[in-house]
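Hi everyone, thanks for coming.

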Amino acid sequence: MAFEGLTERLQDVFKKLKNKGKITEADVNSAMREVRLALLEADVNYKVTKDFIGRVKERAVGQEVLKSITPGQQVIKIVHDEMKTLMGDSNSKLEWGTEVPTVYLAVGLQGAGKTTTVAKLARSLTKQGRKPLLVACDIYRPAAVKQLQVLGEQIQVPVFSMEHNDPVAIARASIDFARENNRDVVIVDTAGRLHVNEELMGELKEIKMFLKPTEILLVVDAMTGQDAVNVAEAFHKELGLTGIVLTKLDGDTRGGAALSVKAVTGCPIKLVGLGEKIEALEVFFPDRMASRILGMGDILSLVEKAQATFDQEKAREMEKKIRTQEFTLEDFMEQMQQVRSMGPLEDLLGMIPGMGKQLKGFKGEIDDKELNRVEAIIQSMTPQERRNPSGLNGSRKKRIARGSGNKVQDVNRLLKQFEDSKKLMKQFADLGGKKGKRGAMPPMRFPF
Ligand SMILES: Nc1nc2c(ncn2[C@@H]2O[C@H](COP(=O)(O)OP(=O)(O)OP(=O)(O)O)[C@@H](O)[C@H]2O)c(=O)[nH]1
Ligand SMILES: [Mg+2]
């Protein structure tokens, strides 16, 4: 999980505050000194930190906070609010242009994640029913066009490229191509450079002039901390960015870029990259990010992730099976695999309030071991046995245990858990049906 160092330190500070019935101005000051150090250590910009602490203190030492019944909680809430404001007051959605096609331009330094990001974005827009066209304007790195083509193929989005031409000409031609081929959004991938330089800016300005992009998105690597912030400042000055995409947040243990870049540049973070996989792109929500940083979890993102992953059609089918008690071990396994495809369990659990800290120690173990075991057991059964597990006798159980490298007790435990969750799900399904809320997926109990 990203930002764990910062989260832990802040939680320690808050624990002290929460444990106090009464809080004095001195308590607030000493807590804020610690928060300040934690932020600086997380590589948050010095001035941003200073202003932030100033605002929190000003609000926290007010009478109504210190005299309230839960002063600790109030202070934490102020920190949360201010942290949210620091990252942007609301989430900034990508805009649509007034003309078709809408144009998005991705810019940034070498290796920041531009090409990956444009492909992720194209995939996500496709899912929303849009028809994107990817445009390969990186003509400098030999394999760059190929890289985009491979990604385009993977997500079934056309890629526009031209050999022996300059980026500006390619960009211009791509608009005609998009119109002729009914593509309503053009996403342009550009070349990176090692540093901000005139050559790069000149080229990008020219592309900007011809394309008049609705969004100019700077892609920066969150792991580079304050360097990312400096890069953003330079690009914003030259190009007038509309948004920032923070990539590699999955590997960012500190959080300095996420917390500083909006405050320093005035330009909002619009998207975040959370992994190398094509689906690892999320809309940036300042309030949810603040909650995550403060270790309050991120339930909303979790719910959305679940909705995006679960196949609605399948969910309805399952619900029907549950109602009619036709739910089998095969379905049970399928559901489990769906949850698995949402990403590492550790990440998911980290989004649940209060879980972040408890997860320390069993990183990556909980999910795979236990789920693998359950899958192995179910896979060792015949299709008939999976459909009717109550008919399993001792010798069959022994066979299944041996076949999956488990003990008979493990098989029994799984069967009991399956029956329990079947009952539980039936209750929920009936409840939902009575209230007339159909199609809602009943909660699922997992064997751990
Ligand atoms: N972990 C992680 N890796 C990422 C993320 N985004 C991109 N990457 C990786 O970063 C590396 C560089 O990504 P590219 O998309 O090729 O970067 P680029 O900005 O197009 O690079 P140039 O075209 O050379 O300027 C690749 O190995 C990506 O898989 C992310 O959000 N998380
Ligand atoms: Mg690239």
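Helix α2 passes helix α3 in a right-handed crossing, which for a crossing means that the near helix is turned clockwise from the far one by less than a right angle. The helices here are DSSP runs of H or I, at least four residues long, numbered from the N terminus. Before going on: this is a predicted model, where local features need pLDDT of at least 70, side-chain atom pairs count only at pLDDT 80 or more, and totals for chains, interfaces and linings use all residues. Residues are numbered from 1 along each chain as its sequence is written, chains are lettered from A and ligands numbered from 1 in the order in which they are written, and side-chain values use heavy atoms, leaving out hydrogens and water.

Back to our pair. α2 covers residues 25–41 and α3 residues 46–60, packed at about 155 degrees with axes 10 Å apart. Axes are lines fitted to C-alpha atoms, for helices over the stretch in contact, and angles run from 0 to 180 degrees between N-to-C directions. The two helices are therefore roughly antiparallel (an angle over 145 degrees).

Now, ligand 1. Which residues come nearest to ligand 1? Of the 20 around it, they are Lys114, Thr115, Thr116, Asp250 and Glu276; "around" takes a heavy atom within 4 Å. In the side chain of Thr115, an N or O atom is 2.7 Å from an oxygen atom of ligand 1. For the side chain of Gln147, the corresponding distance to a ligand 1 oxygen atom is 3.0 Å.

Definitions and conventions
Angles under 35 degrees count as roughly parallel, over 145 as roughly antiparallel, 65 to 115 as roughly perpendicular and the rest as oblique. A polar contact is a pair of N or O atoms within 3.5 Å; within protein, one must be able to donate a hydrogen and the other to accept it, and residues adjacent in sequence count only if both atoms are side-chain atoms.
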